[in-house]
Each structure stands twice: as C-alpha cells, then as structure tokens.
Amino acid sequence: MPDPTITLEIFRYHPEQNETPSFRRYEIPYREDWVVLDAINYIKDHIDGTLAYRWSCRMGVCGSCGMMINGTPRLSCAAFLREYYPNPVRVEPLANFPVERDLVIALDDFMHKLREVNPWLIRAHEQPLSDGEYRQTPDEVAAYKQYSMCINCMLCYAACPVYALEPRFLGPAAIALAQRYNLDSRDQGRSQREAVLSSEDGIWDCTLVGECTVACPEHVDPAGAIQRAKLASTIDWYKRVLMPWGGR
Amino acid sequence: MAGTREPFWWSLFAAGGAVAALLAPVQIALTGIVIARGWAGQSFTYDRALALVSHPLSRLYLFVLISLPLFHWAHRFRFTLIDLGLKWSRALVAGVCYGAAVAGTILAALVLIRF
Amino acid sequence: MNEISEHDIIVVGGGAAGLRAAIAAVQADPRLDVAIVSKVYPMRSHTVSAEGGAAAVIKPNDSLDEHINDTISGSDWLADQDVVEAFVREAPHELIQLEHWGCPWSREPDGSIAVRPFGGMKIERTWFAADKVGFHLLHTLFQTSLKFETIKRYDEWYGTKLLVENGRCQGIVAIELRSGQVRLLAANAVILCTGGAGRIYPFTTNGAIKTGDGMAMAYRAGVPLKDMEFVQYHPTGLPGTGILITEAARGEGGILVNKDGYRYLQDYGLGPPEPWPRLRAMELGPRDKLSQAFVHETRKGRTFAGPYGDYVHLDVRHLGEEKINTKIPFVRELAHRYAGIDPVHEPIPVRPVVHYMMGGVHTDVSGATPLPGLYAAGEAACVSINGANRLGSNSLTECLVFGARAGRHAAALAAQHPPRDRAALAAQARDEASRIAATFIRKDTGAERVAALRAEMTRAMEEGTGIYRDEASLRKTCDVLRELRDRFPSIRLDDRSLSFNTELIAALELDFMLDVAEAVAHSALARTESRGSHQRTDHPRRDDTRFLKHTLAYRTDAAPRIDYLDVVITRWPPAERVYGR
Amino acid sequence: MTGPYRRPVPSTWWLHNRAYFLFMLRELTSVFIAAYLILLLILLYRLNAGRGAYESYLRFLGAPGMVTFHVIALAAALFHTVTWFNLTPKVLVVRVGARRVPAPIIAGVNYAAWIVFSALVAWIVLRG
C-alpha cells in the first residue's frame, strides 16, 4: 500500500509578480501527528522554497503562525492534519488583513492600535522600587488574568466581521488588553484609556458577533471584555450626566 | 459629538433587549396567537381588556414593553444596515433608526395616556 | 544605499534582554534615540516560550549568599563570581521593576509575591506567573516599551552584519523583510540581544528564530564567543516536537520514573527519594545531572522506546487536578495537545532536549564586548553567570539584569561619541548588499538546498556534541561542519525575489548557524575535561588545574582559534558539586 | 510591484459562514419584535377607540396571515431570548473570591426569571 498523502491548497500572492492571488496544490506525505505548520514546513523545505509564512515557537504561544485553515482562523501549529484527513486542507492568510505575500499578513494596523490603548500600568504615584512590590491578592490577580493571556495572534481580528467591514474598528485584542489594565488593581489609568475605548471606532462598533471569543486559542474572551467595557463606560456616562458635580 | 452619546443608546438597547427577552415571547403568544385565535375564551373581551389596560400599572408595563424594545430594534437595525454595506452615512442611519424608536415611544405614550 | 537611518543606540533583538536594554537606555538618558531592530515582532521573541519562572531573592528565609552559592555550584564553578554577585544583588530590583510595570506575578494570599522551588536551588526563590512566565514578562516589557516615544522599532528587519569603523562598532546592516531592501542603520552603540542558537540542533525546545544571528555577527566582527561548548539539555521535553515541559512541573512535585515505575535519579547521586520534592535533590537536581542520568538509564535499557526515541515518564498525577490547573495549566494544555495525554490521569512522556546555550558573545559585567561600542545581553551573551550549567529560572532574570546594565552603559557611551564617518559606513553597507545579492539573489548556479544542509548540520551536532562527547565524535562533527561550510556557497534559492523572501533569511540564518556550530564543536573538542553540561567520555573528570577557565573561540577563515581566560573566583573556591544530601 | 493585497468583503459575507448567518438572524429578530410591538400598539389604540374598533381589529389579527406572522415572530422572539440570556454572562461578570460565577449559573438565573415572568403575565391576562 502506498504511503498516505494529503493535499494542501495554499493561497499564493506575490506583490512583485501577481495582481491577484491564486491557489496552489501540494501533495505531501500524511503523518498523523503532524500539524498544518509541519506540512507547510515540509513544502518549504522539500518542494517549494518560495512559500512565505511566519512561524517560530510551534507550541502555541508566540502567536506568529495564525492562518485561515478551511476558512477558520487557527494557529497552524495547533491544527492537526488528522482533523481534515483525507480531505484537502485549504490554507489562506488570516482574513481581514492586507496580504503582504502568500500567508504573511500586514500587522501595522494592529501594532498602531495596540499602542493607542495605553497598554501599560498607569499610576498617579509610582512607589519606589525599594518599597517592594505593589500588593495584589490572588483574587485581584484573577480579576484581570484572563485578559492578560492574549498572544496577539490576530485570530480574533480575522474572525471579526465588524473589523472586516470597518478596518478603523479598534478590535477585539486591543480592547481586551485595555480591559486587562483597567481591571488590574494596581492600575489607575482607566480614564486615560476611556477616550480611546469610547471613541467613534472603539467599543461601540462591536455588535457582539462573538466569533472573536470562539477563535481565541487562549480563552481570553475578547467579546466579553468589550461588553464589560461597554457596561463600565455606560455607568460612567450616567454618573457624569446625572451627577456632574460628583467628579471622579 | 456622537461618540459620547453611545452609552445612552446602548443602555436603552441593553434594557430593551432584556425586556424583549423576558416578555416578548409570552406577549406574542398571548395577543398574537391565543387571543387572536379566540382560545382565550372570555378573558379578553372588550370590557375585560379595557379594565385590565386602564390600570396605571398595566399602562406603565405596556409603555416599557413597547418603548424599550423599540430602541433595542433601532440599535440593532442601525448596525445591521451598516453590516449590509450602508456605510455612506452612519449618522443618517443612526438618526432614522433612533428617530423611529423615539416616534414609537411618543405614540405609545399618547395612546396609553388616554385610557 | 540611498538612506541611512541614524540612532544613538541600536538594540538588535526584541526579546526580554533587548526590550529591557532599550528601556534602560532611554530612562538613563531621555535625550537618546534608541532603535530596536528585530527579525520578528517583539512579542514573537523566544522569551515568550519560557515557562517556569525567574529567580530572585525576596523571601525572608532566603539570602543573597544562598542564591550566589546555588548559581556557582550549579555552574560547576565556571561562573565569574564577581558577576554572579552583581547579578544576584540586582535581581530582586529587576523583578520588582517588572511587577511595577504590571507583570501578573502569582501571589500569596496576603498579596505578596509567591515563589516556587526550582532545580538546583537550595531555597525556593522562583517568581512565577502560573507557567507562562516568559510570555507575561515579554508582553509586560513590550507593552511598557510602547510608553517611551524615543524608542523606535524596526520590526521584521533582519540584521546581517555589524559595521566596524575606526575600531568601533557603529551600526548594522539589515534587510527590511517587507521590501527586501538592504539598509544601513548607524548608531554610536549596538546591543546584541538576539538570543541563543538552539536551532543548530535537530531536537530543541527553541523556536525557529533561535539561530544565533547576534553571536555570529559578533564572531565575524572579531569578538570571541565564550564557553560555547556548554549546551544545556533540559531533561523534560516532549518526544518528537521537543516542546518544553517546564521544570515547574517538578518544582510543584512531579516525579521522574523509568519504565519500571522506578525513580531512577536515586541511582545517580541525587537521592535518596522522598515522597515530596526536596530542594537540590532527586527531581530538583540540576538539569545537566538529570539529562545525564537519562542517558545512563537508556543504556541500561530501562527507558521506554518510542517512535521519536527513548523516553521516561514525568508523573504529576499525585498533585491533583486543582493544583495542576492553578500552578501548571500550560503543562496540561501542551501535554494534551501535543502528546495526546491528560497529565491529571496519565504520566507525561519526556526526554532530554537542547534548551539553552550557556556560552555566547564574550562580555564583561556591564555587557560590554571587547569591541568598543558593541554590547550583548541575554542568551546571546556570556557575561558569565551560567558557567558550565545554568540553573533553571536564572535566565529570565539574567535578561533583565544584564539587559538593563548593557542599556545603561551603552547610553553613557552613546552620549559622548565622535562623529561617524558616514561615507565609510555607507561603503561597507553597499558591499554587504552586493554580497547578499551576489551570493543568493543574482545567482543561478549550484544545487544545494538550505533545508538539506541545515539537516546535515543539525544531525552532525546531535551526533558529535550531545550530552556525552568524545574526541572521535567531536572530530567527525568538526569535519562535517567544515565540509558544509565548503558546500554553502553552492546554495541555490528557489526564491530570488525581494518581498518577504523567507528562504533568503533561512539561508543567512544557516550561514550564521554554521559559524556558531563550529565554535561549539571546536570549543568542546579543545576542552579535555568534564564539567557541567560538557561531558567527555574520554575525559570524565573535572580538571581545575587546566580548565578552570573560559573558552574563547575566535573566528578565522579555517578552524576557530581557541584561547582561554581565567575564571574569576572571589569567595567561593571550587568544590565538589553535591546534590541529594 | 502591486503592494499588499486587500481581499474584498462582499455584502453577502454573512451567508458564507454559519456563525455569521446565525448572528444576522439574531439581529433580525429585533425587526419581528418591533413589528409585533407596532401591532400591539395599534391594538391598544383600537381598544381605546371603542368596542367596534377593538373587535374588528381582533378579527384582523385572527386572519391566517396574521397568525402566521405571529408564529414566526414568536420563533424570532424565542431565538432572541435564548441568545440574549446566553450572552448575558459576557457582560455581567460576578466574582466570588478568585472564582468567576460560571456562565451557566448566570444564564440559568435568567431562564428562571423568564419562566416566572411569562407565567405571571399569562396568569394576569388569562385568569379572567
């Protein structure tokens, strides 16, 4: 019996050579313990050195290797061929991003938005290091820990139709990260982040499709983060309107 | 600035969604199916209905039931139109949708106040 | 070469050491303009994969001397003791700094920092954030770095060459991946924070990006690589993938058993076995000893045989689901996804795997290399605190302490710098651009493939420079590496385009790795003793009279030239490494 | 050199993926609920206008087309109820110490309230 094989249909686009993308089929050996990334590495090493894609840790934490696999945003290092075999696997760059080349997407937009939300601890008064750590109980850590797990893999943006339609939308990961700091008991910068979160392309654009949360490999639940941000913003808004003298 | 009013619309949307989720099924089943098909017997004759609706608490209930879910509709419909590609005037889309909900709310108030 | 980008300091590499260096530099002197040049977006750097923790003295039952002691004996007395002292002293400060920047360290019920035990340490002092410590540390640093507007980033720019002019390092040449253009980046000081080179081996916990670029660039610029023969095998990697199962699994109480269910470490001077982990004993012995014990166990036929080589069992079942979920959730996730087992109910198959290079670019305690203007920090550097064997959880702290030091010293140097000779730098950069074009892009001859040469290199490294080495195996590896070096110019790329040419980058990485691999093999060949992670079966004893020294490998056109440098011994004279008792 | 390639988003994007389609259905339930509320408002108006107006409107509501509409609207409303309750835990995060109250419990409280309210409304309206 011949060794089993599997077919990968891979999105190809080269800015120097193509106006539009095309798909190229590769037939490669099938191994039960291979992930899609292994298959792509096999193609790169043995069949076609021109295929461009990003990868590094191949253990689901560096966030480099996100791709659309049969239409679903996945980390290619965590998507096993056996989930698809014997059917062909269709591999495309993450949806909703401009394609640099082949499976490589342009990240500039996210990198800009990441900075926009002031993703660092903001304090009114810095305690000197010699005074030791800021105290934070395990309960207080648990309050934001989930939102700190984002690996910036961009699967949530690829899953988000709001971002597809309105690229200015701040998007799931950036908002979740803002919430991560907002909910951190050591942080005092919520009002600074509010301006960005509540801006025209901030949290209010989200229609809670919820697919970001489904796509997230780290269980961050960006959809939940955005809804919580909306609720918090709304409570603030009513406080301001109904009690303008209340200050903050 | 429109952005700053979003929390207001969202709060009405959220309240309307909750009211609709809790009450719309039973209301539709009652007035749209049970009563309309005449399965309710004598419980919803003109006299009984008038008596029931005239109670101030009933009217308050009906006002909330009609108004808030209209804002819920307005909010969702506004974004659905944008999702379907109506991007040319986001402000206008919002104005028409919320405007309709405001109009519905005023009509409801006018009708209910006269009982 | 139409444009020169000029900065005061260029940091090459955006992992923990690079980000810490950049922040330290701009904090030391806010007028400075600092650039981070990284071949990947900083949050993809391999720091992200570190799992178990970062060591620093914070608890009242601990002391600086204990941490120094553990580090020096762990190093098999090859660490410079003045450097270790500086490291241990500054470590708590750096980890508290990370805490102040938002790192979600795990806590005690009273809100103070929690610590866990780690291998080779007498007192528990490993700070942790569950078992994704490197990830949290990296993202905290990266996000904090965004706050500083004077830090400019060149994301996905691949450094190919250091520019040395008038005896000073004055910048780098780098390829912008997006456009494929070769660019000149000039600076008064360059800090190499490019990480290790685990990818010279076939079976490694290291990500694809760990190709020793910075080590090789410094080596080519005449800077020696120090102690390269010391390559750390982590005792617990998943067979096949080499995915790391953190030492924290043992720190929390996991045990290692052979196929008979026997805790074999007691046979190798690490016992006696006790039901619960004892510090500096059994499963909490140092990584070199544990990896070596595995090899002996295999020779006795007491390990399991699997499709990806022999393995033993790491058993954490007795910790219970609750503890596994709170302390080592990532271990559970990885074992489930990549080994198909749930550690709550089944033991995890593990085997030793290449994990860390103790060696690196030779620097002093400030991170300065012998080349003025050039600094190095993190795994790319050898300062040296790790000696012949690094203790688990010292490396993340090392990135912070020496990243910060290198950043501060580079800032001081960059602030008072004579004018640069732009024309000379531009000429060098043009030459580099032509070299890359001529060797890879505008060449249609040759039949060697990058992947094939790389596979031969990694196989030779595994066969000759594994956990146990001898002269014959090392000589053979040196010969293979030389042959590969000769064949390298015959590489022919499928991809001759510019934009995002990852095959070109892979070829350049291989070029660098061959240099690093040669330094490892020749350093190992020359050291005819056994110490820490360097175990020569033909020279099984430690030899302090001849080899209480650092190896320095200098690049030549032929084999590397090997030289030695005395180890700095202050208060801790060499002694026997004792574990288990 | 053509630069980065931008893939077009067709206006039928929501038909290409089951999750997006269900999302669109969820959003459109609000149209049915709103339409029903308008019919209800008219019912109240006719009730206010007098017996004749009211009874003729009831006959109008009893027509097969209107009943069909209400059956569809009921299905839409139920879909809205289910999706709304299941999403509530995303907005309302209740913590007891380090633990978050599990989503099924928060959703479950909603369903319990829904049963109570529905029964109460039905009882008030139909008890006569």
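**Notebook: domains, an interface and a helical chain**

I began with chain C of this predicted model and found that 31 Å separate the centres of its domain 1 and domain 2, taken over C-alpha atoms. I then looked up where the domains lie. The assignment gives domain 1 as 1–52 + 131–230 + 358–548, and domain 2 as 234–354.

Next I asked how many residues of each domain are in contact with the other.

**Chain C against chain A**

I turned to the contact between chains. It takes 67 residues from chain C and 69 residues from chain A. I wrote down about 5400 Å² as the area that chain C and chain A bury between them, with 51% of it on carbon and sulfur atoms. Which residues of chain C lose the most area to chain A? I found R44(C), H100(C) and Q143(C), which together account for 14% of what that side buries.

**Chain B**

I counted 4 helices and 0 strands in chain B. From the N terminus on, I read the order of its elements as α-α-α-α. The radius of gyration of chain B is 17 Å, while the globule rule gives 13 Å for 115 residues, so I noted the chain as more spread out than a compact globule. I also looked up the box that the C-alpha atoms of chain B fill, and it is roughly 50 × 25 × 20 Å along the principal axes.

I found that 59% of the 115 residues of chain B count as buried. The chain exposes about 4800 Å², and carbon and sulfur atoms supply 74% of that. Among contacts in chain B with a separation of 6 or more, I noted that 71% come from residues 24 or more positions apart.

**Helix α4 of chain B**

I checked the length of helix α4 of chain B, residues 90–113. At 1.5 Å a residue, its 24 residues should span 34 Å, and its end C-alpha atoms are 34 Å apart, which agrees. Lastly I looked up the buried residues of α4(B), and they include R90(B), C97(B), Y98(B), G104(B), T105(B) and L112(B).

Terms used
Residues are numbered from 1 along each chain as its sequence is written. Chains are lettered from A and ligands numbered from 1 in the order in which they are written. This is a predicted model: local features need pLDDT of at least 70, side-chain atom pairs count only at pLDDT 80 or more; totals for chains, interfaces and linings use all residues. Side-chain values use heavy atoms; hydrogens and water are left out. Helices (H or I, at least four residues) and strands (E, at least two) are DSSP runs, numbered from the N terminus. The radius of gyration is taken over C-alpha atoms; the globule rule is 2.2 Å times the number of residues to the power 0.38. Buried means under 20% relative accessible area, exposed over 50%, partly exposed in between (1.4 Å probe, protein chains only). Contact means heavy atoms within 4.5 Å. Accessible areas come from the Shrake-Rupley method with a 1.4 Å probe; for residues, only the protein chains shown count as cover. The expected span of a helix is 1.5 Å times one less than its number of residues. Domain bounds come from an automatic or database domain assignment. Buried area is the accessible area (1.4 Å probe) that two parts lose on being put together, summed over both.
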